[in-house]
Amino acid sequence: MTVREARIPVRDGTELAATLYLPAQQDSAAVPALLEYLPYRKDDAMLARDYELYSYMAANGYAGARVDIRGTGNSGGDLPEGEYTEQEQRDAEDVIAWLAAQPWCTGAVGMWGISWGGFNAIQVAARQPPALKAIIAVDASDDLFHDDVHYIDGLLHLDEYTLMIDHLNALPPAPGFPLDEATLAARFDREPWLVTWLARQQDGPYWQRASLVRRLPGLRAADAGCGARSGQDHDWPVEPCIPA
């Protein structure tokens, strides 16, 4: 496996930090790409989690791409106002197009994730970027208020994620961890996301903006011949398949 660092430009000129895990044979054969798109500081997790995980993908003929969401980790831009924003989803479309255009990629991209990465995989698939051929969403939901971690069936829920995420958001980029005023202001001088959630204790526009429960018929992320099967209310892939 070959590991590369990359800066992926998005439409407003911001660059997102990416770590690419490419199969050793990628110089002679293009492969599909699998995108994991998170705010959880990829450079802090490489040895603890990612290297072993992505080496499995590379050994099975896929290129892995882990990308820090704008304003988090080593990516440029300001910290988003919360989870699953319109900006986050637009950036994902640009990342998918960039991956598909790389010489080591066949042009087919899959998106996968557990929790946050599963949520935004569903949301981005509903936008139907042309190169996105399949998603795998684990521990994710199409209903943010009733099924996410903040309010479960309307009941306030606080756990380790709530304590962790605002601390991660405030940390400057690895590996230098700069402490200059501009860096700290972009990450630290922001309303904590916990305050935002506590101010919205009923279902409404804030939660519904990225909840696809009423819009599932628009969710398509696979070519017709890719093992997709019709569900009761929608048509989306239930078998992981990324055509070359």
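**Note on the predicted model**

1. Start with one residue pair. Met111 stands opposite Ile135, a residue of strand β6. The model is predicted, so local features are taken up here only at pLDDT of at least 70.

2. That pair belongs to two neighbouring strands. Strand β5 covers residues 105-114. Strands β5 and β6 pair in the parallel sense, and six bridges link them. In general, the strands of a sheet pair through backbone hydrogen bonds, either parallel or antiparallel.

3. Now the whole sheet. Six strands make up an open sheet. Their order is β1-β2-β4-β3-β5-β6, and the pairing is mixed. Two strands form the edges: β1 (2-9) and β6 (132-138). Each of these edge strands pairs on one side only. From one strand to the next, the twist averages 25°.

4. Which strands does helix α1 lie across? The helix, residues 46-59, lies across β1, β2 (15-22), β3 (31-38), β4 (63-68) and β5. Relative to β4, helix α1 runs at about 145°.

5. Together with Met1 and Val3, Tyr51 forms a nonpolar surface patch. The accessible area of the three together is about 230 Å².

6. Check the backbone at Arg41. This residue is not a glycine, yet its phi is positive, about 55°. Arg41 sits in the loop between β3 and α1. Is Arg41 buried or exposed? Arg41 is buried, because its relative accessible area is 2% and the cut-off for buried is under 20%.

7. Asp139 is another residue to check. Its phi is also positive, near 50°, in a residue other than glycine. Asp139 lies in the loop between β6 and α4 (144-147). Asp139 counts as exposed because its relative accessibility is 61%, and exposed means over 50%.

8. Ala174 and Pro175 are joined by a cis peptide bond, with omega about 0°. Where does Pro175 lie? Pro175 is in the loop between α5 (160-170) and α6 (181-187).

9. To recap the loops: Arg41 is in the one between β3 and α1. Asp139 is in the one between β6 and α4. Pro175 is in the one between α5 and α6.

Notes: Residues numbered from 1 in each chain as written. Predicted model: local features only at pLDDT ≥ 70, side-chain atom pairs only at ≥ 80, totals over all residues. Heavy atoms only, no water. Pairing = 2+ DSSP bridges. Helix = DSSP H or I, 4+ residues; strand = E, 2+ residues; numbered from the N terminus. Axes fitted to C-alpha atoms, helices over the stretch in contact; angles between N-to-C directions. Contact = heavy atoms within 4.5 Å. Patch = residues over 30% accessible without salt bridge, like charges linked within 9 Å, V, L, I, M, F, W, Y side chains within 5 Å. Areas by Shrake-Rupley, 256 points an atom, 1.4 Å probe, with all protein chains shown as cover. Salt bridge = Lys/Arg side-chain N within 4 Å of Asp/Glu carboxyl O. Buried < 20%, exposed > 50% of the residue type's maximum accessible area, 1.4 Å probe, protein only.
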